[in-house]
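User: Hello! I have just opened this structure and would like a guided look at it. Could you take my questions one at a time?

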Amino acid sequence: MLEHYLPIFMMILGGVLFGIVMVKLNEWLGPRRPTEEKLTTYESGMEPVRTARERFSVKFYMVAVLFILFDIEVVFMYPWAVAFRELGIIGFVSMTVFILILLIGLFYVWRKGALEWD
Amino acid sequence: MNVETIFFYLLGAVFVGSALMMVTRRNPVIAALYLILNFFCLAGIYLTLHAQFIAVIQILVYAGAIMVLFVFVIMLLNLSDERRLSEAISFKKIVAGGLSVALLLELLYIFVYRKTDLPTLNAERSIEIGTVESIGRHLFTKFLFPFEVTSILLLAAIVGAVVLAKRRLD
Amino acid sequence: MATEIVLISLLKILVVVLTILTCVVFLVYIERRVSAFVQNRVGPNRTGPYGLLQTVADVVKLLMKEDIVPRNAYKAIHDLAPIISIGVALSTFAVIPIGDTIELFGRQIKLIIADVNVGILYILAITSLGVYGITLAGWSSNNKYSLLGGLRSSAQLISYELSMGLSIVGVLMVSGTLQLDKIVQHQTTYLFGWLPAWNMFLQPIGFITFVTAAFAETNRLPFDLPEAEPELVGGYHTEYTGLKFGLFFLAEYANMITASAVITTLFLGGWHLPYVEYVGLSSFILSLVYVGTFCVKVAAVMMFFIIIRWTLPRFRYDQLMNLGWKLMLPITIINVLLTGIVLLILH
């Protein structure tokens with residue numbers, strides 16, 4: 001079974017290696033003439049004010065949390081979808097219940113305004 | 001040594017190495033990256049056990065979703081240095097250390113004295129069990145109730161996330 | 001035995017990767033020519049015949065440029081981000097069937113790098129890692145525009161990943177497998193005896209939502225907010241120069257090729273050309289015809305990507321998130337339930 005996955009490992013390694021080689025090749029071929037101005041952060045010509053690593057809106061965090069929860073829901077659907085014909089009506093009903101409970105969650109999030117961006 | 005054993009030791013070495021690096025790095029973003037590498041190796045180890053579906057879900061959910069949240073939180077709180085965190089948590093370190101040692105002792109006990117009780121891997125059968133088809137077949141018949149309970153758990157988590165973030169959203 | 005597998009797959013990987021890279025070069029050229037055509041300009045036409053070598057010249061230029069890492073940037077992660085992006089973009093192609101089996105030197109060779117049981121999930125899993133390339137690029141640059149671009153983009157990518165994952169559930173229910181080769185095989189039959197059983201016809205809602213999500217996942221207009229030039233300079237790659245910038249660019253186009261190939265495989269019948277099995281070609285010629293069909297279909301989808309980019313304006317960020325969470329997510333869930341009901345009635 002593992003030999004089916006061997007090409008995948010090779011492909012991932014190959015892709016990453018390609019990236020490393022290209023980055024190194026550029027470092028090696030390109031010139032290196034650093035100046036004070038060149039190394040400052042580019043902010044449309046303004047003098048950079050403080051660091052960029054400030055706190056940012058909690059909404060991004062909210063999206064990430066909701067993504068995880070719904071992603072887990074979707075993950076449960078794959079084995080169900082593949083075995084759908086065997087499971088028949090009972091499988092369909094149990095998945096419908098599962099989806100409905102999570103739809104309540106989506107509805108709650110929606111009503112609470114966590115999906116609003118302004 | 002067959003291919004699978006070689007694979008297991010290779011992945012295991014990277015697995016342990018990345019875990020150690022993750023714990024020892026000062027910069028939390030770098031630590032998170034090592035954890036992602038760690039999850040990748042774990043997926044590979046699942047593959048050596050023929051658990052194909054679990055392996056790919058390990059990457060999809062842990063490396064691709066949960067770690068995104070980790071990275072976001074690290075960036076959100078601007079934890080550019082670990083020192084800010086480490087001040088208040090010295091007693092937690094003791095508890096964590098104690099728990100880790102207990103787990104290690106437990107595992108050692110099982111592997112040394114109760115090895116015969118461990119389930120063995122039947123290669124022929126395990127290939128069949130690890131596929132998505134068989135997981136679907138078992139999850140929605142034998143384990144239907146735990147599956148439905150999961151949805152309640154997820155719903156609770158959704159509500160919890162909104163309640164926690166709500167003060168900030170307003 | 002093991003070395004033979006390794007050698008054959010090495011050969012396949014080499015062919016596929018080289019083809020993707022060559023395609024990217026011409027894709028960029030075609031994109032620039034089409035955009036010029038749409039905007040009533042001439043476009044690149046000086047380098048080589050019809051300007052065909054323009055992209056090659058660009059790559060050489062990028063290769064010779066200075067690699068500038070800003071003083072406040074985090075060098076290691078700044079280097080790592082484009083490597084993640086390109087690694088992810090190239091390795092997704094591993095499970096896509098390019099054709100049926102072909103007989104070469106007396107052995108049957110499957111025209112797919114890795115025919116695994118979890119096929120489509122592998123693609124989703126690897127694509128989900130693409131977020132890191134963009135987030136880390138934005139964060140490590142220590143530039144406010146980069147950080148904003150990176151954050152926006154990661155939120156966009158994860159939101160649309162959900163709809164993407166949900167929109168294929170219907171396809172999986174119809175074909176009953178995750179293996180891409182079997183999904184294609186399933187589409188080689190005919191409905192009512194004449195209509196090719198492409199999932200595009202069996203799963204119209206899934207098809208539309210998947211294509212929309214694919215646009216968002218590849219950061220193409222109308223969803224190219226991470227780069228939104230008027231607001232964010234260059235977005236997450238503002239602080240990138242030389243080939244590191246080139247790698248992001250390359251990854252974007254490689255992702256577009258992969259997305260087109262996945263759309264073709266899942267919804268447009270993959271490598272199968274309808275009715276061709278009735279013509280009575282020899283098996284070798286037939287395999288070549290299938291590979292050709294696959295390429296033509298992928299090219300057509302890519303052309304669609306390009307024309308959409310130069311036709312539609314960009315969404316506002318709130319519109320984008322609303323579309324993802326309030327429209328695409330409910331529609332795809334309803335599609336799953338509808339598919340279930342229809343399948344239950346039919347059987």
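User: Happy to start with chains C and A. How many residues does each side give to the contact, and which helix of chain C supplies the largest share of its side?
Analyst: A word first: this is a predicted model. The contact draws 68 residues from chain C and 59 residues from chain A. Several elements of chain C give two or more residues to that side, among them helix 1 (2–38), helix 5 (144–167) and helix 11 (242–267). The largest share, 12 residues, is from helix 13 of chain C.

User: How many residues on the side of chain C that touches chain A are nonpolar?
Analyst: Sorted by class, that side of chain C holds 14 polar and 11 charged residues. The nonpolar residues there number 43.

User: Now for chains B and A: which helix of chain B gives the largest share of the side that touches chain A?
Analyst: Here 42 residues of chain B meet 42 residues of chain A. Helix 1 (3–24), helix 2 (28–48), helix 3 (52–76), helix 7 (132–139) and helix 8 (144–169) of chain B each supply at least two residues of the chain B side. The largest share, 16 residues, belongs to helix 8 of chain B.

User: And how many residues on that side of chain B are nonpolar?
Analyst: The side of chain B that touches chain A includes six polar and six charged residues. Its nonpolar residues number 30.

User: Let's look at chain C by itself. What is its radius of gyration, and why does it count as compact?
Analyst: Chain C has 13 helices and four strands. For its 347 residues the globule rule gives 20 Å, and the value for chain C is close to that, so chain C is as compact as a globular protein of that length. Along its principal axes, the C-alpha trace spans about 65 × 50 × 50 Å. The radius of gyration is 21 Å.

User: What percentage of the residues in chain C are buried?
Analyst: A residue counts as buried if 20 or more other C-beta atoms lie within 10 Å of its own. Of the 347 residues in chain C, the buried part is 57%.

User: How far apart are the end C-alpha atoms of helix 4 of chain C?
Analyst: Helix 4 of chain C has 22 residues, and 22 of the 22 are buried. At 1.5 Å a residue, the helix should span 32 Å, and the distance in the model agrees. After the helix comes C:Asn142, with a positive phi near 55°. The end C-alpha atoms are 33 Å apart.

User: Which residue just after helix 2 of chain B takes a positive phi?
Analyst: Helix 2 of chain B is mostly covered, with 16 of its 21 residues buried. Its end C-alpha atoms are 30 Å apart, which agrees with the 30 Å that 21 residues should span at 1.5 Å a residue. Just after this helix, a positive phi of about 70° is taken by B:His50.

User: Is B:Phe72 buried or exposed?
Analyst: B:Phe72 sits in helix 3 of chain B. Leaving out residues up to four places away in sequence, it touches A:Phe60, A:Tyr61 and A:Ala64. It has 24 C-beta neighbours inside 10 Å, so B:Phe72 counts as buried.

Conventions. Residues are numbered from 1 along each chain as its sequence is written. Chains are lettered from A and ligands numbered from 1 in the order in which they are written. This is a predicted model: local features need pLDDT of at least 70, side-chain atom pairs count only at pLDDT 80 or more; totals for chains, interfaces and linings use all residues. Two residues are in contact if their C-beta atoms, placed from the backbone, lie within 7 Å. Ala, Val, Leu, Ile, Met, Phe, Trp, Tyr, Cys and Pro count as nonpolar, Asp, Glu, Lys and Arg as charged, and the others, Gly among them, as polar. The radius of gyration is taken over C-alpha atoms; the globule rule is 2.2 Å times the number of residues to the power 0.38. A residue is buried if 20 or more other C-beta atoms lie within 10 Å of its own, exposed if 12 or fewer, and partly exposed in between; C-beta atoms are placed from the backbone. The expected span of a helix is 1.5 Å times one less than its number of residues.
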